[in-house]
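Good morning. I will go through a few local features of one model, and I will keep it short. Please have the structure open.

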Amino acid sequence: MSGLQVYVEGIGLWSPQLADFAALKAWLAGEPVTAPPARPPAAVLPPNERRRAPESVLLAVEAAGQAVAMSGQEARELPCVFSSAFGDQHISDYMCATLASAPVELSPTRFHNSVHNAPAGYWTIATGCHATSSAITAGHASFGAGLLEAATLAATEQRPVLLVCSDIAGHGPLGEMTGTRQAFGIALVLAPTATARSIACLELDLVPHAIDALRPAPATGAWYEGNPIAASAWPLMQNLATGEGDCTLAAAETLALRVAVETPA
Amino acid sequence: MSVPIHPLAVSAYTATSALGQGLESHLAALSSGRGGLRENDFSSAPLACWIGRVDGVEEAELPAAHAAWECRNNRLAWLGLRQNRFLEHALDARQRYGAARVALVLGTSTASIGASEEAYRHLDEHGQMPAELRRPLIHAPHSLAGFVAEALGLEGPCLTVSTACSSSAKVFANAERLIRLGLADAAIVGGVDTLCDSVLFGFNALELVSPEPCRPFDQARHGISIGEAAGFALLERVDAAPDAPRLLGYGESSDAHHMSTPHPEGLGAELALRDALVRAGLSAEQVDYINLHGTASLKNDEVEAALVARAFPASTRASSTKGFTGHTLGAAGILEAAFALLAIREGLVPGNLGCTHPDAACGPQLALQSEQRTVNVALSNSFGFGGNNACLAFGRAPA
């Protein structure tokens, strides 16, 4: 199969347990880690937007801001891909509940914040980014499909791209269907060529008809299993933390994405 | 910054909307000026507005093998896939290239949220969804592409794009990139959005819904009429279908202005347009027809009319077809791509139904009535919430 190569220039990460990529590395090394504040800081947003923005936006913007800061790139120059398995489940729960009881009382602000591209919208507005922005989903493969889409964009446009994959915890009857028990977001700045900013090189290869390789491992109860992005990104996160290793992600139902991590010399 | 692309063949396409099932009913409606809007008979509580509802969705039961995906949005997808022999074309592509070499990229904004709304109207005494709707697959925004991938037996890259009203325009760009890099040999693109309370009461709350059938670009326009649609297209390299019409280019941009209001000078819309022309290797003078976003909202139409008036010569014809179909939201990109392709195939510039007294910002390009003329190059504009813009360029195969 045809392969793709991209270079990681920045990594952002947020969960209720881990405030950033450095915290992940420390946690994996068995060192003590302080849990972040309950609300993602999302410092890229202007204060009034930060107050109004829904949880899904704060989470995505926090991870994105960290990755872009690490990369040293200008946020306004980066095409961006925002991927999420379920979007803002809090707003979906509110909307479905309100529509069932008092539909004409639906909040206009919550409605426009309910679009899947709300994080992309808030991000591009806050950073003054006029480049292409996208909001995608691929169910439980939302991380792998997002990585493939962002790498494809970086390779064809020959410019660095911001990838943000995030899901908040589920709420209400919908939350029971999604089984998302906690928030998690990860962001990567991916460049098409090696530069002085490169942290890691990702070799990507599609492996079709890979249903066996994609069968999930038995549950262990670990925190990352309670979020669709964290669960699928977990093998790659570990490899990024150590700077090497191969792993297989789901890019679609039966399509695997093999990712080999190497640290540039 | 963008560079010209190699055109792709659009070797098959289809559309289903309030105008009917398949391309022929759309062509007949456009030619005769017959719109498809009706008084709202859909929402779970009364709401005085007009809608573009597709007849026959409720009866389009999914095959038993795919029953886990049952919901109104997937019924519309299934209905749409069976028009213009699109299902056969898709399966033929899978046969020729292999299941893992055909990508699937679909746009939707509603996905199957209508099924989640229904479940919340019928929660049991424990506050849980009723048994028949306790199916996680349909309570996720990927349910449309998940169903279509299974129904077509596709195993290649599979993605849902959900950027509000530009969703099913952007899918053409995703597909072109996958094919250019050799990650797929062909792609099925498209989109499906269905009427649901979320969009009817949501746009109502934003005071964007018109109490009368929408009137794009008219001075007396009062907002949008919401519609639903399904559409699909098969994209391949041109050597596989040299006589088919072509995707010449696409443009994508962000307004970076406001979540639900377009940039006042149309900055993002113009960036998407310029990007599409560069990738297509075209100048504005070569564009024969533009299918406009033209939602009939006060702001969109004013901004878009000014953009067309300043960027194109009078010989370029332009119209919004939302007076015929309503604003089909996440499906508008693919539906209006089909109108652009029909304009090329039939030499038909659709009239701008609902407009009698154009907004002062409109230039001479606006076609109020349908016109018969040769269309070699047609654009389609799609702009969404969050300032998400896309412009597609289609052309006739060279003689």
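Helices and strands here are DSSP runs, numbered from the N terminus: a helix is H or I with at least four residues, and a strand is E with at least two. This is a predicted model, where local features need pLDDT of at least 70, side-chain atom pairs count only at pLDDT 80 or more, and totals for chains, interfaces and linings use all residues. Residues are numbered from 1 along each chain as its sequence is written, chains are lettered from A and ligands numbered from 1 in the order in which they are written, and side-chain values use heavy atoms, with hydrogens and water left out.

Start with Arg85(B), in the loop between helix 2 and helix 3 (86-97) of chain B. Arg85(B) is not a glycine, yet has a positive phi of about 55 degrees. Its relative accessibility is 54%, so Arg85(B) counts as exposed (buried is under 20% relative accessible area, exposed over 50%, partly exposed in between, with a 1.4 Å probe and protein chains only).

Ala111(B) also has a positive phi, about 40 degrees, and is not a glycine. It sits in the loop between strand 5 (102-107) and helix 4 (113-121) of chain B. Is Ala111(B) buried or exposed? At 5% relative accessibility, Ala111(B) counts as buried.

Last, helix 9 (residues 298-311) of chain B. Its buried residues include Val303(B), Leu307(B) and Val308(B). The buried residues of helix 9 pack against helix 8 (267-280), strand 11 (289-291), strand 12 (317-319) and strand 15 (377-384) of chain B, where contact means heavy atoms within 4.5 Å.
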